[in-house]
Amino acid sequence: GELLLCEASTVYKYIHEDGSNRGTCGKLVCTNFKIAFLDDDSASDDNEPQLKNKIIGENDITLQCVDQIYGVYDEKKKLLTGQLRKYPEKLIIYCKDLRVFNFCLRFTKEEEVKRIVSGIIHHSQTPKLLKRLFLFSYASAAPNNTDERNQTVMFDTLEDWRNELERTKGNVQYKVVTTNEGYRISEKLPLYFVVPICVSEETILKYEGRGIPIWCWSCHNGAALLKMSAFPKEQDDSTAQMQKAFLDGIYKTISKPPYELLKTDDLSSSLPSLQDIQTAYTRYKQLFLIDNSADFWATDVKWFSLLESTNWLEIIRRVLKKAIEVVECLERQHTNVLLIEESATDLCCVISSLVQVMMDSYSRTKSGFQSLIQKEWVIGGHGFLDRCNHLHQSDKEEAPVFLLLLDCVWQLVQQYPAAFEFTETYLTVLSDSLYVPIFSTFFFNSQHQKDTNTTGESLETQSGPFRFLTVWDWSVQFDPKAQAFLNNPLYAEKPKPDKSQRKTARCKHQRQLSCPLTQTKSSPKRGFFREETDHLIKNILGKRIGKFINSSDEPPNSFREFYDSWHSKPVDYHGLLLPRIDGPEIRVWAQRYLRWIPEVQLHGGGTIATAARILDLMEEVERLQVKMDEEHSQAVSGNIHAVPMLRNSARLSSLFPFALIHRQSVKPALPTSTWKDLEDEDDLVKRDDEFVDL
């Protein structure tokens, strides 16, 4: 279904803007699916990424993945939008997956420059209709050979919901309703959903599903997590009173036995607004969209203050803290929790998903996590189309709510790796899939919108419903070797509570990945950082860190007690998991945000170096197992798909598996003004350094 729209030859692509102007020459093309740079030299397999995507190559950018386009005129950068009077000599494309492409157009014919630049801007930045998405072109032309063995529960049938109720033992107090078949009540609600048994069909119909507690999940002790769409705030008095009476009636019904006590939580007042989240993320991603070496080193000195000023890590901390509060109500107080939000399709999805990941070990398996995303987000009605701004119709609606969830889940994955069947690479690849318009998963606002757009003419020759692909069929994007990177070989299959496993290994990075300093006691060790460095810290890191530490109110005592008592015990990887949320425990998701920046790579280091050693050992164990089985002439079951590691681990870097080792980046001489305060200290450099983890 892909069509070539415009192209330009003799385009020069810089490898990385480091002033050396090294690069390759080739053709730049724009299709109805992507912008692609076709290299004249065939790329050597030597430096090919291990995680090779079958759909999107290294030099491909899907139209939905384009974030901003800049033109360079006489060494000055200018944002390009709409019609251009003058065409740039250089094009810089910033992508939503944090890649940055630099194209030089000086050697390209003027006509071709006009065509390609205006074509790229038009097809990637201007508002478009839903049916113009490549999703539909692909669905009408692609063969329907999807992988039927996918274990993900799609939640688009009555049976799926009944099974989930049975799995969580919620079927005593809750029932699946078919009231919305044919979308009779509301287009925002799914066809099937679960409500308390005592809620009647008339009640659901009264306000088009608003004010109705919808079931998300039931805890082992019978307490349940519910969500509700709030009534609009601006109403005349009589309507508001009627709605209040309606809600009081609902609360009374579900506060009686067999239901637990009910606690309501209005997320619009207790968590940051979507606008705050969008603002924070916009600032945050700018730290990683670096298009030249000089910019990188200029920001490196101000890294902590820049990181803190974005407020993104603080938002993650607040969201995780809110999820722990909900967990406490369900687990310790045996209380039902009702999350309230205007549409119940944004922050409700984040909190309910996090609570399930923390409390239900099934949600920490790959198929369980995918089923959770289907249930809470895809069928639950999260507006992916608007929140990701895929159609460029309204910037006001845009907010990275799903990325916020993935970032929060990553915090848990990196704190308790053995508790998850999937890896951080899986989360990174999932975040990239948000912008691949051949899967329907992240390209509709609701089940209704998908269903109404599924019918249509497929091709001139045949008519019938479109068969959309789901993102959960990973074989569409990756071959089995690459898929091995998505599975965690060290997943703890059976519960093994063990104190020694509590302290997970931490990856030391060239850039600290969390803001330093916390309210916990400092180490009594005498070393490099002592009283004399207070002056240095104030000068380099600024005084804002204190604000970061005390930026949110102290957690209430019952919360703190619950949090501390859980952290004082050994972890059961198949039981409840609570993230550590104090100060520097909330970290930058290094793999996603730093993977395209050569300057931050750790040569032969990073988490991948550890993983490479472990996987080598596992391969050896498997080989020995095969030998033993052969000796005992038993059938061999080779279940472990060991990740195809590079034997020469010296060539690995922390950018693996997205890129292999890059050129060595040379750090420029530091400006003396930045460090002159250091000279006044007692010649700290000559002291015996003691390693200190900031």
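Ser 352 sits in helix H11, which covers residues 347–359. The model is predicted. Is Ser 352 buried or exposed? Its relative accessible area is 0%. Buried means under 20%, so Ser 352 counts as buried.

Which residues does Ser 352 touch, leaving aside those up to four places away in sequence? They are Cys 216, Leu 225, Leu 339 and Glu 376. With Glu 376 there is also a polar contact. That contact joins the two side chains at 3.0 Å.

## The four-stranded sheet

An open sheet is built from four strands. Their order is S11-S12-S14-S13, and the pairing is mixed. Strand S11 (214–218) and strand S13 (262–266) stand at the edges. Each has a single partner strand, so one side of each lacks a neighbour in the sheet. From one strand to the next, the twist averages 25°.

Strand S12 spans residues 224–229, and strand S14 spans residues 336–341. In which sense do S12 and S14 pair? They pair in the parallel sense, over five bridges. Lys 227 stands opposite Leu 339 in S14. Leu 339 is also among the residues that Ser 352 touches.

## A helix across the sheet

Helix H5 is formed by residues 237–255. Which strands does helix H5 lie across? The strands are S12, S13 and S14. Relative to S13, helix H5 runs at about 140°.

Technical notes:
Residues are numbered from 1 along each chain as its sequence is written. This is a predicted model: local features need pLDDT of at least 70, side-chain atom pairs count only at pLDDT 80 or more; totals for chains, interfaces and linings use all residues. Side-chain values use heavy atoms; hydrogens and water are left out. Helices (H or I, at least four residues) and strands (E, at least two) are DSSP runs, numbered from the N terminus. Buried means under 20% relative accessible area, exposed over 50%, partly exposed in between (1.4 Å probe, protein chains only). A polar contact is a pair of N or O atoms within 3.5 Å; within protein, one must be able to donate a hydrogen and the other to accept it, and residues adjacent in sequence count only if both atoms are side-chain atoms. Contact means heavy atoms within 4.5 Å. Two strands pair if DSSP finds at least two bridges between them. Axes are lines fitted to C-alpha atoms, for helices over the stretch in contact, and angles run from 0 to 180 degrees between N-to-C directions.
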